Amino acid sequence: MRTALTIAGSDSGGGAGIQADLKTMLAHHVFGMSAITALTAQNTTGVTGIQEVTPDFLGKQIDAVFTDIYPDAVKIGMVSGSDLIRVIAERLRRYEAKNIVVDPVMVATSGARLISEDAIATLKEELIPLATVITPNIPEAEVLCDMEIRSEEDMVRAGRSIREQYGVAVLMKGGHSINDANDLLIKEDDEVWFRAARIDNPNTHGTGCTLSSAIASNLALGRELTEAVAHAKDYLCGALAAGLDLGHGSGPMDHGYMIPEPENDLLYL
């Protein structure tokens, strides 16, 4: 069985973070492992508490995974502190990690900064250059390339700028009033649009986590990057279209929509 490691925060509501990543990996028949960067108290209505792990403990978690079950891919989600980012980067270099997907969680859809300027600088310097691919949304891409993105043409220019500056492939996620749900992958020798109609589902909690962990899962399965993104995009659209409706706020998607439901009599065992 292929394996993947997610390095991210825990979402007690189950819709994003480590929980979404592990569900996504299981749906792809990939054995998922985790190194938790922070505990959060949250549900579909919001976050009520965050407790970061120490850099030393994060390093021990990563050591425990790499020295026993070496991951075929690594997904990295939100990491809010510079010290934690440095630990992750050092371990990735030490263990010569491969197929690294970085979801550079820095800016909310509203435009609010989610991590400090110091942490953003460390992310740019230490972690992003190690990635196979990064998956910024529009506000995050604007931070990375220091330009406004207001059209698909801007997405192309920004993606090329990020690709040249950091030397990594970039999957820029659309939306944010620019297009329906069209994402742009820019690699060293190729540019590919992944176009899809926006799915009418208000329950979108964890879409970024799910897409990036799906890409990591497909890379772990041996797919080339463009193919991995295409499969991940299809999976995300399916999870949204399944129409799961849980909680009182922006709910989670159905990560297991491809898994057959048990027979009725098994529900009562």
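**H28 and its surroundings**

Let's start with one residue. Setting aside neighbours within four places in sequence, H28 is in contact with A214, S217, N218, L221 and Y235. Keep in mind that this is a predicted model.

Where does H28 sit in the chain? It lies in a loop.

Is H28 buried or exposed? Its relative accessibility is 10%. Buried means under 20%, so H28 counts as buried.

Now step back to the whole protein. It has 8 helices and 9 strands. Its radius of gyration is 18 Å. The globule rule gives 18 Å for 269 residues, so the protein is as compact as a globular protein of that length. The C-alpha trace spans about 55 × 45 × 40 Å along the principal axes.

How much of the protein is buried? Of the 269 residues, 54% count as buried. H28 is one of the buried residues.

Next, contacts across the chain.

Then the surface. The accessible surface comes to about 12,400 Å². Carbon and sulfur atoms hold 50% of that.

Last, charge. The protein has 21 positive and 38 negative charges. How far apart are their mean positions? The answer is 4 Å.

To close, back to the start.

Methods: Residues numbered from 1 in each chain as written. Predicted model: local features only at pLDDT ≥ 70, side-chain atom pairs only at ≥ 80, totals over all residues. Heavy atoms only, no water. Helix = DSSP H or I, 4+ residues; strand = E, 2+ residues; numbered from the N terminus. Rg over C-alpha atoms; globule rule 2.2 N^0.38 Å. Buried < 20%, exposed > 50% of the residue type's maximum accessible area, 1.4 Å probe, protein only. Areas by Shrake-Rupley, 256 points an atom, 1.4 Å probe, with all protein chains shown as cover. Lys, Arg positive; Asp, Glu negative; His and termini not counted. Charge placed at Lys NZ, Arg CZ, Asp CG, Glu CD. Contact = heavy atoms within 4.5 Å.
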